[in-house]
Amino acid sequence: MTIHQTQQQPGANVAQAEGPRFDERRISGVFGPIAVGGALILALATFVVFAGFTPIIPTNEIVLGLLGGDGIIVVWLLVLIGIELLRLRAARRAARAGARLHKPRWSRPSRSSG
């Protein structure tokens, strides 16, 4: 074995053969805060322009642009919420602890009047 050769662990080629794996949990973890921040900024801009606090005159193009951007953000947020609901549904079907949706294996003792 030369200096340029390295010893590989068994199964090291398996990860390379699969290629980069897409982690679906990162979708909402990364894009969620971006969508919320974008929604807040765009909502503030819409309010400021419509209330007349800026020198921007709300012309037809400005109004359509702001409302179009608001609509895109709303659809983006709804998609992220849908992804989270699908993940929770899958966790429930697999009986995993997804937001405490799993059924407990034990039941509460019944209260009997004494």
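Reply: Thr 46 is a residue of helix H2, which covers residues 25–51; helices here are DSSP runs of H or I with at least four residues, strands are runs of E with at least two, and both are numbered from the N terminus. The model is predicted, so local features need pLDDT of at least 70 and side-chain atom pairs count only at pLDDT 80 or more, while totals for chains, interfaces and linings use all residues. Residues are numbered from 1 along each chain as its sequence is written, and side-chain values use heavy atoms, with hydrogens and water left out.

Thr 46 has a relative accessible area of 8% and is therefore buried; the term means under 20%, exposed means over 50%, and partly exposed lies in between, with a 1.4 Å probe and protein chains only. Apart from neighbours within four places in sequence, Thr 46 is in contact with Leu 66 and Asp 70, where contact means heavy atoms within 4.5 Å. With Asp 70, the side chain of Thr 46 also forms a polar contact of 3.1 Å. That term stands for a pair of N or O atoms within 3.5 Å; within protein, one must be able to donate a hydrogen and the other to accept it, and residues adjacent in sequence count only if both atoms are side-chain atoms.

Asp 70 sits in helix H3, residues 60–93. Besides Thr 46, the contacts of Asp 70 beyond four places in sequence include Leu 42 and Ala 43. Asp 70 is buried but has no salt bridge, and the nearest side chain of opposite charge, that of Arg 87, is 25 Å away. A salt bridge requires a side-chain nitrogen of Lys or Arg within 4 Å of a carboxyl oxygen of Asp or Glu.

By that rule the count is one salt bridge. It joins the side chains of Glu 84 and Arg 87, at 2.9 Å from N to O. These two residues are three apart in H3, which means that about one helical turn separates them. An α-helix has 3.6 residues a turn, so residues three or four places apart point the same way. Glu 84 is partly exposed because its relative accessible area is 27%, and Arg 87 is partly exposed at 26%.

H3 itself has 34 residues, which should span 50 Å at 1.5 Å a residue; the end C-alpha atoms are 49 Å apart, so the two values agree. The expected span is 1.5 Å times one less than the number of residues. Buried residues of H3 are Leu 66, Gly 69, Asp 70, Ile 73, Leu 80 and Ala 91. After H3 comes Ala 95, with a positive phi near 60 degrees.

For the chain as a whole, there are three helices and zero strands, in the order α-α-α from the N terminus. Of its 114 residues, 11% count as buried. Among contacts with a separation of 6 or more, 52% are between residues 24 or more positions apart.

The mean pLDDT is 77, with 61% of residues at 70 or more; pLDDT is the predictor's confidence in each residue, from 0 to 100. Over residues 13–17 pLDDT stays under 50, and the model has one contact beyond four places in sequence for them.

Note on methods: Lys, Arg positive; Asp, Glu negative; His and termini not counted.
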